[in-house]
Amino acid sequence: MIIRIATEQDIEGILQLQAQNLYPNLSAEELADGFVMTPFTADLIHVLLTRSGVFVAESDGKIVGYLLANAWDFFSQWEIFRLMIQRLPELKFQGKNIEVNRSFQYGPICIDRSYRGSVMFPQLFAKMRSSFAPDFPIGVTFINQLNQRSLIAHTRKLNLEIIDEFKLNNHAFYTLAFSTNQRS
């Protein structure tokens with residue numbers, strides 16, 4: 001398995017994996033195994049590629065995992081992220097205020113079902129974390145409260161900290177934060 005920054009050639013594989021795991025495309029049973037909420041188009045992924053915000057896991061020439069991350073200005077086009085940006089000044093992580101210009105949005109991350117529970121998740125996260133560390137001391141993400149698999153993976157495997165809860169469009173979410181300093 002190769003963990004790397006994505007290229008243009010990866011877009012189709014990312015879109016296929018996204019379609020297999022997108023919230024509205026899944027049954028109730030499949031939702032219990034994890035899902036992604038925010039759909040990305042090829043054009044949006046392309047923009048993130050130009051900003052070095054797309055990471056992939058590749059196995060035998062197939063994209064089996066992806067992770068998207070970037071500065072808040074990119075993500076502000078979605079209502080959920082605008083709400084998170086509004087809430088950031090009220091939030092603290094490790095005793096410090098979270099500033100929009102000194103933090104970034106991580107996620108979504110999507111792992112092929114056959115690779116869940118493997119080392120891929122922490123490896124993709126580590127690649128993204130080290131890439132953003134020079135510019136941002138804090139990363140922030142959200143998890144739908146229905147997505148308990150993702151919450152457990154983020155809090156137990158990666159030690160992300162829940163710093164807030166909010167609601168939007170009849171869904172409840174957790175906000176989580178992490179330091180890009182790998183010793184924290």
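1. Which strands and helices do the buried residues of α7 pack against? In this predicted model, where local features need pLDDT of at least 70, side-chain atom pairs count only at pLDDT 80 or more and totals for chains, interfaces and linings use all residues, the buried residues of α7 pack against β6 (103–111), α6 (120–132), β7 (138–144), β8 (161–168) and β9 (171–179). Residues are numbered from 1 along each chain as its sequence is written, and side-chain values use heavy atoms, with hydrogens and water left out. Helices (H or I, at least four residues) and strands (E, at least two) are DSSP runs, numbered from the N terminus, and contact stands for heavy atoms within 4.5 Å.

2. Helix α7 covers residues 148–157, and its buried residues are Ser150, Leu151, Ala153 and His154, where buried means under 20% relative accessible area, exposed over 50% and partly exposed in between, with a 1.4 Å probe and protein chains only. These residues are on the same side of α7 because they cover an arc of only 165 degrees around the axis, the arc being that of the directions from the helix axis to the C-beta atoms. An α-helix has 3.6 residues a turn, so residues three or four places apart point the same way. After α7 comes Asn159, with a positive phi near 60 degrees.

3. The buried residues of α1 are Ile11, Gly13, Ile14, Leu17, Gln18 and Asn21, and they line one face of the helix because, seen down the axis, they fall within an arc of 165 degrees. The elements that cover them include α3, β2 (54–59), β3 (62–71) and β6.

4. The next point is the loops on either side of α2. Leu22, in the loop between α1 and α2, is buried at a relative accessible area of 11%, and, not counting residues up to four places away in sequence, Leu22 touches Val36, Met37, Thr38 and Pro39. Phe35 lies in the loop between α2 and α3 and is buried too, with a relative accessible area of 9%. Although Leu22 and Phe35 are 13 residues apart in sequence, they are 5.8 Å apart in space, C-alpha to C-alpha.

5. Gly34 also has its place in the loop between α2 and α3, and Gly34 is buried, with a relative accessible area of 8%. If neighbours within four places in sequence are left aside, Gly34 is in contact with Leu26, Arg113, Arg116, Asn147 and Arg149, while Phe35, not counting residues up to four places away, touches Asn21, Tyr23, Leu26, Asn144, Leu146 and Asn147.

6. The largest pocket has a volume of about 550 Å³. On a 1 Å grid over the protein atoms alone, a pocket is an open set of points where a 1.4 Å probe fits, with protein on both sides within 12 Å along at least five of seven lines, and lining residues have an atom within 4 Å of a point. Grid points are joined across faces, edges and corners, and a volume is the space filled by probe spheres set on the points. Of the 33 residues that line the largest pocket, Phe35, Ile109, Asn147, Ser150 and His154 lie nearest its centre, and the elements that give two or more residues to this lining are β6, α6, β7 and α7.

7. The second largest pocket holds about 190 Å³ of space, and the residues that line it include Met37, Trp78, Phe142 and His171. The elements that give two or more residues to that lining are α5 (79–87) and β9.

8. The largest nonpolar core has 36 residues, and those with the most contacts inside it are Phe40 and Ile98; such a core is a set of buried Ala, Val, Leu, Ile, Met, Phe, Trp, Tyr and Cys residues joined through side-chain atoms within 4.5 Å. Helix α3 (residues 42–50) gives the most to this core, with four residues. Apart from this core lies another, of 25 residues, among them Leu67, Ala69, Phe121 and Ala153.

9. Some backbone angles deserve a second look, since most residues other than glycine have a negative phi, and most peptide bonds are trans. The peptide bond from Gly107 to Pro108 is cis, with omega near 10 degrees, and Pro108 lies in strand β6. Asp60, which is not a glycine, has a positive phi of about 50 degrees, and Asp60 counts as exposed at 81% relative accessibility.
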